[in-house]
Amino acid sequence: MATGADVRDILELTGGDNDGPISKKDLINSDKKKTKKATETLTFKRPEGMHREVYALLYSDKKDAPPLLPSDTTQGYRTVKAKLGCKKVRPWKWMPFTNPARRDGAIFHHWRRTAEEGKDYPFARFNKTVQVPVYSEQEYQMHLHDDGWTKAETDHLFDLCKRFDLRFIVVHDRYDHQQYRKRSVEDLKERYYSICGKLTKVRAASGTEPKIYIFDAGHERRRKEQLEKLFNRTPEQVAEEEYLIQELRKIETRKKEREKKAQDLQKLIKAADTTTELRRAEKRVSKKKLPQKRETEKPAVPETAGIKFPDFKSAGVTPRSHRMKLPSSVGQKKIKAIEQILIEQGVDLNPMPTEEIVQMFNELRSDLVLLYELKQAHSNCEYEQQMLRHRYEALLKAGSGGGCGTAGAGLAATPQGGELNVEAKEQIIDVVGAPLTPNSRKRRESASSSSSVKKVKKP
Amino acid sequence: MCQVYVLCVGVNDEVGALVFDIGSYSVRAGYAGEDCPKADFPTVIGVTLDREDGSTPMETDGDKGKQGGTTYYIDTNQLRVPRENMEVMSPLKNGMKLMFEHYNIPAFFLCKSAVLSAFANGRSTGLVLDSGATHTTAIPVHDGYVLQQGIVKSPLAGDFMSMQCRELFQELNVEIIPPYMIASKDGVREGAQASWKKKEKLPQVTRSWHNYMCNCVIQDFQASVLQVSDSPYDEQVAAQMPTVHYELPNGYNCDFGAERLKIPEGLFDPSNAKGLSGNTMLGVGHVVTTSVGMCDIDIRPGLYGSVVVTGGNTLIQGFTDRLNRELSQKTPPSMRLKLIANNTTVERRFSAWIGGSILASLGTFQQMWISKQEYEEGGKQCVDRKCP
C-alpha cells in the first residue's frame with residue numbers, strides 16, 4: 001500500500017521533513033500544529049480518549065469554564081497509534097559483526113540497519129562473569145596450603161568454579177570423583193571460601209580491614225542433615241508429630257483455664273474482704289462520730305464482685321426508681337437468688353425509692369450477689385476437694401508403692417503446664433490422651449471422674 | 001538421551017541458525033526462531049545396496065552416495081515404498097558429529113535436550129522427565145546445567161509398549177499385516193478373522209523393512225487405544241472402563257477394554273508386566289523420585305516445583321494425571337509439586353527442538369557458539385567445556 005511519503009519518494013518530490021532519519025517522536029507524537037488551535041479555543045468538548053465519566057468529574061454543565069491554563073490533554077489520554085509509512089524506508093544490510101564477548105573473534109553475519117553499522121553488538125554487555133580469584137604458585141605455597149587438599153585438586157576446583165560461575169551444585173556434580181576423593185558440597189564451599197578469605201587478607205593493603213565472607217561448614221552440614229531427616233519422615237511420624245502438637249495445645253489451654261479460675265476466685269475473695277472492711281470502717285466512723293480520719297485509700301472494689309449499678313447520665317428527667325433497676329448484665333440465677341433471699345428476710349422486692357433507700361437497696365443487692373458468688377465458689381472448692389480425695393484414696397489402693405508417694409506430692413505441687421510426661425508419674429493431672437503406660441492406664445481406669453480437667457488451688 | 005545439535009550456517013541463507021534434534025524415533029529439524037521444526041521424519045534410513053551383506057558402517061561414510069551404488073532413503077514417504085533389498089537402520093549418533101566436519105559450517109553448538117526442554121517451558125531449573133521411544137529418563141536440570149549424577153534411566157518406554165502390544169496380538173492370534181501387502185479387504189464382524197487379498201507382484205522385501213512396517217501399525221494402535229488408569233490397575237475397575245474400537249489395516253477389528261489399561265500399567269508398575277526380568281525395573285514415579293533423591297537437598301523443592309514432562313510416549317491418555325498422583329503420594333506433604341505438561345502434541349514431542357530454537361535466537365547466545373577456529377584449536381575437549 002503506497003502512502004503519501006512513498007508516492008513522493010517515487011516521484012522524487014520534496015516535501016515535508018524528509019531529511020534526517022525518522023525518529024520515534026515523529027511516529028508517535030502528536031502534530032505540533034494542532035496544539036496551537038487547542039489553546040486558543042476554550043472548548044468544553046472533552047478531549048479524545050478521555051472517558052465521559054472522567055470528563056464529567058472535571059467539567060459539568062453548570063460549573064465554570066475549565067481552568068485558564070489548559071493542559072495538553074492530547075498527550076495523556078490518547079491511545080497512541082504508530083504512524084507507519086510516513087518516512088522513507090530505512091534499509092537493512094546483511095553485515096558481518098564481531099561479538100566482543102567472544103574470545104576468538106569469530107565473524108558472524110546478521111541483518112542490521114545500516115544506520116547502526118559500526119556500533120557495538122548490543123548484547124555483548126550482558127556477558128557478565130563472576131570474579132573468581134586467581135592465585136600464584138608462591139601464594140599457594142605460602143598461605144593456601146592445606147593437608148586435605150592437593151594443589152592439583154585445588155586447581156581443579158577453581159577451574160570448575162570459573163566455568164560454572166560458582167554454582168556449587170553443578171561444580172559438585174561435575175567434580176572429578178575418579179581422580180580425586182569424593183567431596184561434599186560443603187567441603188568444596190569450605191575450601192573455596194577459606195582460600196578467598198586468606199587471599200583477601202594477604203592481598204589487602206596494609207592497614208585496611210578487608211571484609212571476609214565466613215562460611216560455616218559445620219552449620220551447613222547440620223542443617224542439611226536436619227533437612228534430610230525432615231524429608232525422609234514417614235507418614236506415621238508426621239501423624240505422631242501432629243498428635244503431639246495437639247496434645248500440647250490441649251494442655252496449654254487447660255492450664256490457662258485453671259489459672260483464670262484461680263484468679264477469679266482470688267478476686268472474689270478479695271472483693272468480699274474489702275467490702276467487709278469498708279463496712280466496718282464506715283460503721284466505726286459513724287458510730288464514733290469523730291472527725292473522720294478518712295482513710296481515703298479505699299481499696300478498689302473489684303468490679304466482678306457484686307453488681308455495679310451504672311451512674312445514670314441520661315438527658316432529661318428520670319424517676320429515681322430507674323437507679324434501682326438491675327443492670328442487664330446480671331444473670332437469671334443471680335436475680336432468682338436475690339429474690340429468694342429478699343423474700344426470706346421479708347424485705348420488699350420493690351421498696352419506695354427515696355434517696356437513702358435506693359442507695360442501701362443497691363448495696364444490699366450487691367452484697368447478696370457477692371454472697372451468692374462466694375457460696376458457689378466455696379461449694380465448688382469443696383466439691384473439688386472431695387473428688388481429689390476420692391481419687392487419692394483410689395490411687396492409694398490401686399497404685400503401686402512408687403506411684404503413691406509421688407502422687408501425694410503431686411496433689412500439693414503446682415502443675416507444670418506444657419510438660420507432657422509420658423511416664424506421668426508426677427503429673428496425675430493432664431495424662432489424658434497421652435500414650436498410656438501401664439501405670440497410668442490403671443489410674444485412669446480406677447479414677448471415676450468424668451471431666452478430665454482438674455483444678456489445683458495454688459497454695 | 002539424545003542431544004540436540006544447533007548449527008550456524010551463515011553463508012547463503014538469510015536465516016542465522018539451524019536446529020537439529022535427533023532422537024531414536026524421529027528427527028526434528030528446522031530453522032531457529034520458528035516455533036516448530038520444518039522437518040519431522042523417522043530416524044531410520046533405508047539403504048539399498050548392490051552387495052549382499054546388509055549393513056554399512058556409517059562412521060566412514062562422509063560423502064553420501066560414493067560407496068558403490070548405495071542409495072539412502074529418508075523421510076516417511078520414501079521409506080514406506082517397498083523396495084528390494086532395502087535394509088533399515090538407524091544412523092549412529094557419533095556419525096552425525098563427524099558429518100558436520102564435511103559441511104563447512106562456520107559454527108555449531110551442542111546442548112543436552114533436557115536443558116532445552118526446560119527452556120522451552122520457561123524454566124532454567126527443573127526435573128525433566130523424557131519418555132520417548134527407547135528410554136524413560138529423569139534428568140535434573142539446575143540453573144541451565146544438567147546434574148549428571150542424578151540422571152536415572154529406565155528402558156520402559158514406547159518400544160516396550162509396542163512389544164507388549166505385539167504380544168497381545170499374538171495372544172489373540174491376530175496377524176499384523178502392514179498396509180503395503182494389502183490389495184483389498186472386506187468388512188468383517190467384530191472379532192472375526194480378517195478377510196483380505198494379498199497384493200500381487202510384491203517385491204522381495206527384506207526382513208528388517210517388513211518388521212519396520214509392522215512396527216508402524218503397532219505404533220498406530222498404541223497411540224490410539226492405550227490409556228493409563230488413574231489409580232493402580234484393578235481388574236474390576238478396568239472391566240468397567242469404556243471400550244475402544246480399533247481396526248487393523250487388514251480388516252480385523254475388535255473392541256479393546258481391560259487390555260487398554262493393562263498394558264501401559266507396566267510403565268508405572270513394572271512388577272506385573274510380562275517379559276520383564278525380575279523386579280529391578282523402576283516405574284515412572286520411582287524414576288522421578290530416585291532422580292530427585294540423588295540431588296542435593298537444597299534444590300529438591302526447586303526440582304519438584306517444576307517437573308517438565310516431555311516425549312512422545314507421555315502422550316498416552318491419562319499419563320500425566322497418573323504421574324501427578326503418584327508423585328504427590330511419594331513426596332512429603334509439605335512439598336509443593338508442579339507438573340508442567342503441554343497439551344499439544346507438537347509441543348511435547350518437539351520441546352527439545354523448540355528450546356534449541358529459542359536458545360539459538362537469543363542475542364546473548366551468540367557468544368556461545370563453537371566456531372570452526374575454536375574447534376580446530378581445541379578439538380573435542382572444547383566441546384565438552386563449552387556445552388553444558
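This is a predicted model: local features need pLDDT of at least 70, side-chain atom pairs count only at pLDDT 80 or more; totals for chains, interfaces and linings use all residues.
Mentor: Residues are numbered from 1 along each chain as its sequence is written, chains are lettered from A and ligands numbered from 1 in the order in which they are written, and side-chain values use heavy atoms, leaving out hydrogens and water.

Trainee: Why is B:Gln164 called buried?

Mentor: Buried means under 20% relative accessible area, exposed over 50%, partly exposed in between (1.4 Å probe, protein chains only). B:Gln164 has 5%, so it counts as buried.

Trainee: Which residues does B:Gln164 touch, not counting residues up to four places away in sequence?

Mentor: B:Ile263 and B:Lys274, where contact means heavy atoms within 4.5 Å.

Trainee: What makes B:Lys201 exposed?

Mentor: Its relative accessibility is 84%, and the cut-off is over 50%, so B:Lys201 is exposed. B:Lys201 also has a positive phi of about 55° although it is not a glycine.

Trainee: What makes a set of residues a nonpolar core?

Mentor: The members are buried Ala, Val, Leu, Ile, Met, Phe, Trp, Tyr and Cys residues, joined through side-chain atoms within 4.5 Å. The largest one here has 70 residues, and B:Phe319 is one of those touching the most other members. Among the contacts of B:Phe319, not counting residues up to four places away in sequence, are B:Leu129, B:Val228 and B:Leu267.
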